[in-house]
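Here are a few notes from my pass through this one. Have the viewer open while you read.

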Amino acid sequence: MEKELKYVDMVEQPIAMHPKKFALWLFLVTVVMIFAALTSAYIVRQSEGNWLEYDLPTIFWYSSGIVVISSICLQYAYSAAKKDNFVGLRAGLSLAVLFGIAFLVSQWYSWVALVDENVFFVGNPSGSFLYVFTGLHAVHLISGVIFLIIVLISTYRYKVHSKSMDTLEMATTFWHFLAALWLYLFMFLLLNH
Amino acid sequence: MSTASVANHDAAHDHHDHEHHDNFVTKYIFSQDHKMIAKQYLVTGMFWALIGGLLSILFRLQLGFPEMDMSFLRPILGGWIDEAGKLDPTFYLALVTMHGTIMVFFVLTAGLSGTFSNFLIPLQIGARDMASGFMNMLSYWLFFLSGVIMFISLFLKTGPAAGGWVVYPPLSALEQAIPGSGLGMTLWLVAMTFFIASSLMGGINYITTVINLRTKGMSFSKLPLTIWAFFLTAVIGLLSFPVLFAAALLLVFDRSFGTSFYLSDIYIGGEALPNTGGSPVLYQHLFWFLGHPEVYIVLLPALGITSEVIATNSRKPIFGYKAMIISLLGITVLSFVVWAHHMFVSGMNPFLGSIFMFLTLIIAVPSAVKVFNYLTTLWRGNLIFTPAMLFSIGLVSFFISGGLTGIFLGNSAIDIQLHDTYFVVAHFHLVMGSASFFGMIAGVYHWFPKMFGRMMDAKLGYIHFWITFVGVYMVFFPMHYIGIAGFPRRYYSWTNFEFANMYTDLNMFVSVAAIITFSAQFIFLFNFFYSMYKGRKATLNPWRSNTLEWTTPVEPGHGNWPGEIPAVYRWPYDYSKPGAEEDFIPQTVPLSATPESNLPHEQELVKVELEIMKEEEEVLVSNETSH
């Protein structure tokens with residue numbers, strides 16, 4: 001009976017997506033909704049006037065580059081894992097983590113730049129929104145870095161390879177999503193400033 | 001989070017394969033079994049319904065009997081009853097706030113969706129359990145934690161949150177505004193954050209399970225309407241709860257960090273606050289973007305349950321199965337584009353108001369389709385009046401009478417008069433509150449045999465139904481008149497207004513009716529807990545129903561079906577099919593087994609079906625050989 005159950009579990013859902021991966025996509029939807037709400041709040045509030053104008057920190061250009069590089073590194077790690085190239089996998093993952101941390105540091109410096117411009121978290125909502133966007137995105141990115149580090153550790157136990165890609169695949173999805181989310185936020189700020 | 005659930009994935013799989021030995025903690029407390037989690041949700045929901053109901057009785061006493069000496073309540077309320085035996089006015093505000101929050105979120109969202117989505121989704125689609133048992137458990141315990149925090153806030157010295165369940169700033173944002181905006185409001189926000197996380201985890205699980213874990217043959221066009229409703233409810237929750245989170249986050253920043261998202265140009269005691277540039281209407285937009293879909297999060301599961309119960313107990317196929325699904329989809333989509341009808345008098349652009357009015361009135365179309373289909377399903381059916389059936393019919397009644405007043409309120413011009421009056425209170429308590437509550441009760445009566453293997457007492461069920469049904473109308477119908485007369489909601493007392501005096505007796509009547517209706521719920525509670533242990537033993541399929549959950553053992557164990565999961569060959573509403581031997585044909589009966597009742601197009605499908613069965617046979621054979 002034991003085997004029977006297992007067998008049935010396998011054949012009954014040949015077309016279905018991996019449930020965990022699917023759940024991750026649904027989680028991404030919730031994150032999208034949070035930022036959709038915040039950015040629409042930004043537009044609604046902006047249209048009401050009394051809106052502080054200031055220059056966006058130029059460091060955002062650099063952080064955008066860093067986050068893209070990080071994504072590319074992870075994509076490299078992903079394709080390396082597919083070929084069971086463990087050196088490439090670890091190198092790519094480590095670089096992705098490092099660039100992820102570099103991104104967080106550059107975001108911190110964007111806050112420093114804002115403070116130098118006399119734009120504070122407390123004050124006109126125009127500035128506060130920027131802190132909320134970057135801060136909330138950074139919180140998500142930190143969770144992504146932690147996720148990547150966990151995957152990195154598991155590569156040393158040879159748990160990630162061409163036959164066991166699920167975790168890495170989910171980490172990659174999440175990481176690319178966070179990069180895309182930042183690019184969206186940055187573009188949104190460029191266009192609505 | 002992701003890694004934790006990944007690690008758990010393997011463990012959950014092992015579970016099915018052997019008789020495993022639960023201890024008390026893993027079976028009843030940190031259970032990962034969807035049926036136990038559903039029962040946890042149900043009992044917690046019942047606890048909160050009692051608290052929420054009790055709070056409403058307290059403020060009804062104040063409204064119905066403003067001169068009353070409430071000293072006898074001092075053992076519970078302590079300092080909130082003053083020397084003269086009067087209820088503290090600020091605590092009155094806290095009572096209405098907590099009543100709303102508890103009923104909307106803890107009872108009708110967690111108690112309803114949490115219970116029935118968890119219980120029925122795996123059983124009715126033919127799955128062993130939810131996609132992630134661990135996340136499901138986490139969802140319940142986050143809800144529990146949220147409840148604990150909200151419960152603690154009831155006992156604060158400054159009282160719980162008191163700005164209304166919508167917690168509009170600036171009232172909720174400034175501690176100086178009312179006592180309830182202090183620590184009580186902070187705890188409210190913390191509790192709601194946990195609640196949002198819990199709902200999202202539950203919702204992600206429901207959607208994943210429905211999409212990925214359906215049994216063989218269970219296509220979306222063969223899904224019971226309950227599952228359609230739970231599925232779309234989860235979709236609505238997934239899209240709207242994050243927005244509430246965003247709104248609450250900005251409110252937290254305003255409250256605790258000094259930002260000005262919602263605050264601007266406020267003077268307290270003649271002194272200006274430093275906040276400038278915020279917009280309180282912004283909060284309303286964000287809040288109602290959740291708040292309106294929330295109404296459907298509460299209502300859709302109840303409508304799904306009703307569809308199932310009414311079809312089963314009319315012994316007729318549900319009328320317009322596809323129309324039911326399309327109207328559910330229509331409601332889902334429309335629920336996101338009508339939020340501003342809650343804000344007609346917020347100073348919004350009147351042109352925008354007329355757009356939202358138009359969109360709002362469109363919702364009447366799918367709602368009317370549903371009502372029509374319920375009535376036509378009942379029409380000339382062989383009605384069996386089980387308590388669940390009565391409560392479902394009660395739901396349809398409330399949905400009609402409460403829905404009609406929605407058409408009034410949806411008009412931006414009439415809303416100027418009716419906004420924030422008891423007319424609104426009457427409207428949503430009928431169409432959303434009582435209707436959903438009746439759906440929940442109907443679900444409990446209907447699926448109690450599956451939950452506990454015993455039947456609830458029908459006679460007590462009838463008494464419970466009639467007192468509650470008549471009681472609800474006695475409570476909420478008079479409120480329409482009070483509302484049209486212009487009585488604002490959330491007011492502690494009207495005795496200062498001359499025009500209000502003529503309605504004192506009506507308010508007294510409402511309060512008495514409310515007390516009677518509330519007391520009748522104890523009949524249900526007694527019935528519930530008594531039947532759990534002493535009820536008549538249930539048979540395999542007590543309601544002679546078609547859906548998959550009745551093919552499980554009377555008390556299904558972990559994994560639901562002892563052997564293979566049955567395959568599904570037909571839709572779930574083959575009741576009283578002409579030519580058939582019995583008046584119901586379960587979903588697991590192949591079309592090829594019922595040539596006498598097949599319709600012409602179904603005869604065609606038999607060929608396809610035989611192919612599927614042949615495939616299955618091969619699977620079985622290969623199973624045998626692999627043993």
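1. Start with the annotation on chain B. The unreviewed UniProt entry puts "domain: Cytochrome oxidase subunit I profile" on residues 24–569 of chain B. Keep in mind that this is a predicted model. Over that stretch, residues 24–569 of chain B, the chain is 65% helix and 1% strand, and the end C-alpha atoms sit 39 Å apart.

2. Next, the packing. The largest nonpolar core counts 232 residues, and F231(B), A247(B), L286(B) and A435(B) have the most contacts inside it. Helix α8 of chain B (residues 225–256) gives the most to this core, with 23 residues. Domain 1 (26–534) and domain 2 (564–626) of chain B both give residues to the core, so it lies between them.

3. Take a look at L286(B) if you like cross-chain contacts. Leaving out residues up to four places away in sequence, L286(B) touches A37(A) and A41(A) as well as V243(B), A246(B) and A247(B).

4. Now chain A. The "transmembrane region" annotation, from an unreviewed UniProt entry, covers residues 22–44, 59–79, 91–109, 129–153 and 174–191 of chain A. Among them, residues 59–79 are 100% helix and 0% strand, with end C-alpha atoms 31 Å apart. Residues 129–153 of chain A are also 100% helix and 0% strand, and there the end C-alpha atoms are 36 Å apart.

Methods: Residues numbered from 1 in each chain as written. Chains lettered and ligands numbered in written order. Predicted model: local features only at pLDDT ≥ 70, side-chain atom pairs only at ≥ 80, totals over all residues. Core = buried A, V, L, I, M, F, W, Y, C linked by C-beta atoms within 7 Å. Buried ≥ 20, exposed ≤ 12 C-beta atoms within 10 Å, placed from the backbone. Helix = DSSP H or I, 4+ residues; strand = E, 2+ residues; numbered from the N terminus. Domains from an automatic or database assignment. Contact = placed C-beta atoms within 7 Å. UniProt positions renumbered as here; feature names shortened; annotations may be inferred.
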